[in-house]
Amino acid sequence: MTCQMVYHNGNCLNTKRPYARSCKLCIESCPHQAISNYRELDSKSCTECGVCMAVCPSGGFEDHSIDKFYQYLQEAEEIVLNCPKAVPGGFEIPCMGMLDRDSWMTLMLLAKEKSATISTGSCADCPDRQACAISVEAFKGVHADWPAHPVIHIKVQPDQGTVEGHEVALNKPPRPGIGVQKDSSLGWRQKSREKIEEWLPSLTADETYHIPKSRQWLIEAFGASSEEKIPFQAISIADSCTSCGVCAAICPQGALQKREEMNSVSNEEDDLTKEDKITSLRLIFEPMKCVQCHRCMETCRSQALTFNYQLLSHRLITGKILVHEGCPKYCTQCGKRIFDNGDLCLVCATSGSEGGGFFTR
């Protein structure tokens, strides 16, 4: 049986922009330790719960049939989802663990126009309960930030095997070990073909996109509600910002962009030795691109960046917001640019008593 989860290397934050502390959310969240440090999936251990897809900020992991799931959400007159351990009644998802915060909000926005119900089995007895718990925490976060959201009905309806046609109701091929038996009499040619099919998802996982699909779907569902506002994490920059621009340089999504203005060069004799200086720096934030990896906040030396949930309209989420405008700082002694709140660069500050350095006190 071919594993449905695929890894898109080009979408991984670690590939988009190298970082000292690499992202390992998928590895740490997998309840079955089925993901290696190289993002290789062990098809024998993977249950396709989808939690790796839910916790990945940028669409690194994806269910091979995820587009069919969203097509169902769009076209169904009534949304009915069920996990494999629940009574079948609509579109079967591998586990609620596949739903991230954006997916929950997409369901809520769609629930304004049509009813949405999710049926689950007994999660306490399920080996994927850890994945489900992560998704439930995401739901609780949305509910706390948006208490007036449209209602999604969640029912616990374990399948006791009394409903006929359970396999027929599935929307995707059965998961490994569920109603599937391989014929031991298959010839070598057929076995080789099946082996290639097992490798195929990882070999062809070259689909790359800048904005995760769950975010794309959220924006599309939100577009129909132009007057609505939803809770969305936005960045705030305090007055302690030194306008260094490192946050924009480290952003793997390009959600923070810097625009600089340079001083004009005069015709003085020392023009050849004069270093052009940035006189103004603006930081532009695009919420739709931001996946809340918080790398910008972690690298800010002045700790000027914070994230908090705000009720934003569709226009603001899909637009560009000026979040900071300031002037970079330069060493008062040598004139080189500095990136903290001091008056001297590190060289001048440590060069002796004349600079009043750190090591002369």
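Q: This is a predicted model, and I'd like to start with one residue. Is Gln233 buried or exposed?
A: The relative accessibility tells you. Anything under 20% counts as buried, so Gln233, at 11%, is buried. You'll find Gln233 in strand E7, which covers residues 229-237.

Q: Which side chains does Gln233 reach with polar contacts?
A: There are two to look at. The side chains of Gln233 and His294 are joined by a polar contact of 3.0 Å, and a polar contact of 3.4 Å links the side chains of Gln233 and Tyr309.

Q: And which residues does Gln233 touch, leaving out those up to four places away in sequence?
A: His294 and Tyr309 turn up again, along with Phe285, Gln292, Phe307 and Asn308.

Q: Where do Gln292 and His294 sit?
A: Gln292 is in the loop between strand E9 (278-285) and helix H10 (295-299), and His294 lies in the loop between E9 and H10 too. Accessibility of 22% makes Gln292 partly exposed; His294, at 21%, also counts as partly exposed.

Q: Let's move to helices. How are two packed helices described?
A: You give the angle between their axes and the distance between the axes. Take helix H5 (residues 101-110) and helix H6 (residues 129-145): they pack at an angle of about 55 degrees, with axes 9 Å apart. That angle makes H5 oblique to H6. The crossing of H5 past H6 is right-handed.

Q: Which residues of H5 and H6 meet?
A: On the H5 side, Arg101, Trp104, Met105 and Met108; on the H6 side, Ser135, Ala138, Phe139, Gly141, Val142 and Asp145. By type, this contact of H5 with H6 divides into six nonpolar, two polar and two charged residues.

Q: How do H5 and H8 cross?
A: Their axes come within 9 Å and cross at roughly 20 degrees. Angles under 35 degrees count as roughly parallel, so H5 and H8 are roughly parallel to each other. H5 passes H8 in a left-handed crossing. The meeting residues are Asp102, Ser103, Met105, Thr106, Leu109 and Leu110 from H5, with Ser214, Arg215, Trp217, Leu218, Ala221 and Phe222 from H8. They split into seven nonpolar, three polar and two charged.

Q: Why is H8 described as largely enclosed?
A: Count its buried residues: eight of the eleven in H8 (residues 213-223) are buried, so the rest of the structure largely encloses this helix. The buried ones are Lys213, Ser214, Arg215, Trp217, Leu218, Ile219, Ala221 and Phe222. The cover over them includes H5, E7, strand E2 (61-63), helix H4 (66-75), strand E10 (305-313) and helix H11 (314-317).

Conventions. Residues are numbered from 1 along each chain as its sequence is written. This is a predicted model: local features need pLDDT of at least 70, side-chain atom pairs count only at pLDDT 80 or more; totals for chains, interfaces and linings use all residues. Side-chain values use heavy atoms; hydrogens and water are left out. Helices (H or I, at least four residues) and strands (E, at least two) are DSSP runs, numbered from the N terminus. Buried means under 20% relative accessible area, exposed over 50%, partly exposed in between (1.4 Å probe, protein chains only). A polar contact is a pair of N or O atoms within 3.5 Å; within protein, one must be able to donate a hydrogen and the other to accept it, and residues adjacent in sequence count only if both atoms are side-chain atoms. Contact means heavy atoms within 4.5 Å. Axes are lines fitted to C-alpha atoms, for helices over the stretch in contact, and angles run from 0 to 180 degrees between N-to-C directions. Angles under 35 degrees count as roughly parallel, over 145 as roughly antiparallel, 65 to 115 as roughly perpendicular and the rest as oblique. A crossing is left-handed if the near helix is turned anticlockwise from the far one by less than a right angle, and right-handed if clockwise. Ala, Val, Leu, Ile, Met, Phe, Trp, Tyr, Cys and Pro count as nonpolar, Asp, Glu, Lys and Arg as charged, and the others, Gly among them, as polar.
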